[in-house]
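Please look at the sequence and the 3D structure below, and then read on for a report on its aromatic rings, its charged side chains and the confidence of the model.

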Amino acid sequence: MMLRRVLLVISIVVMATGFAGFGKTGLVEAKEAGVQVESQRKEAALKLMMNKGGYLSSEAIPDSAALLPEPPAEGSGAIAYDEEVSRKNLALRGTPRWIQAAKDADIKFPEVFEGFACIMNIPITEEATPRLYTLLRKMTLDAGKSTRAAKAKYNRPRPFLVNNEPICTPEEQGVLMNNGSYPSGHTAVGWAWALILAELSPEQAGAILQRGRAFGESRMVCNVHWQSDVTEGRFMADCTVARLHGEPLFRADLEAARAEIEAARAKGLKPTCH
């Protein structure tokens, strides 16, 4: 019995010493490891999503390398404007707008649709509105892919690499620094959603389009895109949505989503809004 007590005391001391030795350095290392794992998880999930099929074949995806002009040149008025807008957005760090921009950065379904759902006053989820939910998810791939060619061609440095200021999603910094800034893929996706939802719910079109614009501008607030990146991201969304309307399967899903929205409103289904 005595030996047992002695061993118990020794083990408690060893555990306490071990935790004490872990200290701040160990906690920091553990936190950094956790951030890295989360960043890798998001990157893997995004790659998996982007490799699945949307509505458009590779040949039908609008070619941003051919459609877009070169990014603003050094010393030009356009680059001066990009830098001015960037400086203004840096002042938003720590504000509610910065927090919203961080939320907009995470394209996680169905949470990413919450802002649009609250405007339309219906849930956009796989359970409540499956046809609408699937439509938006599939076209996400097409809009995102439409920006790839120009990103690879120009490999434009992102603002945080130029101004050395923080971004609102530091766990993604390693991924973003190896991905071209021009044009903005997030903007293309968000604006494409807004265009389609405004078409499906014209009575709320103004608010829907405003939300779509803000979604893209969040990328400037986050210090990961320039104004010209966002502007041309919206252009690629325009091109993608126009091309989508030429696809019979997309048009069929669009009409099914329209009927589903009417049915959801008739049933009085409500979204979860924060």
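The count of aromatic pairs comes to 8, where rings of Phe, Tyr and Trp (its six-membered ring) pair if their centres lie within 6.5 Å, and planes under 30 degrees apart count as stacked, over 60 as edge-to-face and the rest as tilted. The rings of F113 and Y133 are edge-to-face, because their planes stand at 90° with the centres 6.2 Å apart. This pair links distant parts of the chain, since F113 lies in the loop between α4 (96-105) and α5 (114-120), and Y133 in helix α6 (residues 130-145), 20 residues apart. Both F113 and Y133 are buried, a term for under 20% relative accessible area with a 1.4 Å probe, protein chains only. Ring pairs join F109, F113, F116, Y133, W193 and F215 into a cluster.

This is a predicted model, in which local features need pLDDT of at least 70 and side-chain atom pairs count only at pLDDT 80 or more, whereas totals for chains, interfaces and linings use all residues. Residues are numbered from 1 along each chain as its sequence is written, and side-chain values use heavy atoms, leaving out hydrogens and water.

Two charged ends sit over rings, as the table shows, with NZ of Lys or CZ of Arg within 6 Å of the ring centre and within 35 degrees of the ring normal.

| Charged end | Ring | Distance from ring centre |
|---|---|---|
| K138 | Y55 | 4.3 Å |
| R211 | F116 | 6.0 Å |

The chain averages a pLDDT (the predictor's confidence in each residue, from 0 to 100) of 86, and 81% of the residues score at least 70.

Methods
Helices (H or I, at least four residues) and strands (E, at least two) are DSSP runs, numbered from the N terminus. Buried means under 20% relative accessible area, exposed over 50%, partly exposed in between (1.4 Å probe, protein chains only).
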